[in-house]
Amino acid sequence: MPSKRPASLLQDSQLSLFDVAPEITPAEPGAPRSLRELWLGQHRVGYELKRARRRSIGFVVGPQGLRVSAPRWVPVTEIERALHHKGDWILRKLVEQRERQQRIQASRIEWLDGGRLPYLGEPLTLVIAPSEREVVWDAATRQLRLPLPGGASAEQIRDLAQAWLQARATEDFLPRCHRFADQLGVAMKSLRLSSAQTRWGSASADGSIRLNWRLIHFAPAIIDYVVAHELAHLREMNHSPAFWDTVRSVLPDFERSRDALREESIVAQ
């Protein structure tokens, strides 16, 4: 009997030894902190140390760098010994975070005439077209013609373009959901779009599916993977080997799209 707890596809999720998590978690109110640094191999690494009520040493690598949470009774020498033990992991995650931030910066959209943004894996160009009466998609030139005046603000351009993208997301995602639901032999109760900042999709045992509308920026193969992933949860509400076998039954090479998705960022708006 599957649990009623929603399953989700997170933009990042990886747990390891010493209670390691990749996302920055809010600090305990009033917890004392100190900034320190140490050498990991040939790299000098700064980190923030927070003393907290916990039983283990926790490492968090996020946009602000390395944070360490440790019980109040653990000496700094033991903390740094643990840091050295996980040195390779920490350095790799710091590099990944730096590259991730660079991708986020590169993905920022300029909401102006001539601005470009990805649509189904390929760039489109925003064109201010005062003579148009409605939004026009020219597939041949990959131009999205917006019926706005020449002095339209960035907010006006963004709102109109995003409304069009969200409508296309519904049109694109729904047939994919029906196709994979049929192949998997599951019943999808409903599909809703989300605007989550760290989650591409989720599924509930009652058959409700939520997909991040910004998936419309990505190539069809990536969208297929997220759709198949969420619908597979209607058979396996977990990430067990049986779940991945279920995904593989409809997408034999899903790992390629899964790896590509891990390199993507939710497009900065």
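User: Leaving aside neighbours within four places in sequence, what is threonine 125 in contact with?
Analyst: In this predicted model, once the neighbours within four places in sequence are set aside, threonine 125 is in contact with Gly114, Gly115, Arg116, Arg142, Gln143 and Leu144.

User: Which of those does its side chain make a polar contact with, and where in the fold does threonine 125 sit?
Analyst: The side chains of threonine 125 and arginine 116 are joined by a polar contact of 3.4 Å, and threonine 125 itself belongs to strand E7, which covers residues 122-128.

User: Buried or exposed, that threonine 125?
Analyst: Threonine 125 counts as buried because its relative accessibility is 18%, and the cut-off for buried is under 20%.

User: Switching topic, how many residues are in the largest nonpolar core?
Analyst: The largest nonpolar core has 47 residues, and those with the most contacts inside it are Leu126, Ile157, Leu211, Leu215, Tyr225 and Leu231. Helix H3, residues 154-184, supplies the largest share of this core, with 10 residues.

User: And what does leucine 231 touch?
Analyst: Not counting residues up to four places away in sequence, leucine 231 touches Cys177, Phe180, Ala181, Leu184, Val186, Met188 and Ile209. There is also a second, separate core of 17 residues, which includes Leu66, Ala82, Leu83 and Ile90.

User: Where is confidence lowest, and where is it highest?
Analyst: The protein chain averages a pLDDT of 84, with 83% of the residues scoring at least 70; confidence is lowest in strand E1 (residues 7-10), at a mean of 41, and highest in strand E9 (residues 143-146), at 98. Over residues 1-33 the pLDDT is below 50, although this stretch has 96 contacts in the model beyond near neighbours in sequence.

Note on methods: Residues numbered from 1 in each chain as written. Predicted model: local features only at pLDDT ≥ 70, side-chain atom pairs only at ≥ 80, totals over all residues. Heavy atoms only, no water. Core = buried A, V, L, I, M, F, W, Y, C linked by side-chain atoms within 4.5 Å. Buried < 20%, exposed > 50% of the residue type's maximum accessible area, 1.4 Å probe, protein only. Helix = DSSP H or I, 4+ residues; strand = E, 2+ residues; numbered from the N terminus. Contact = heavy atoms within 4.5 Å. pLDDT = per-residue confidence, 0-100. Polar contact = N/O pair within 3.5 Å; in protein donor to acceptor, adjacent residues only side chain to side chain.
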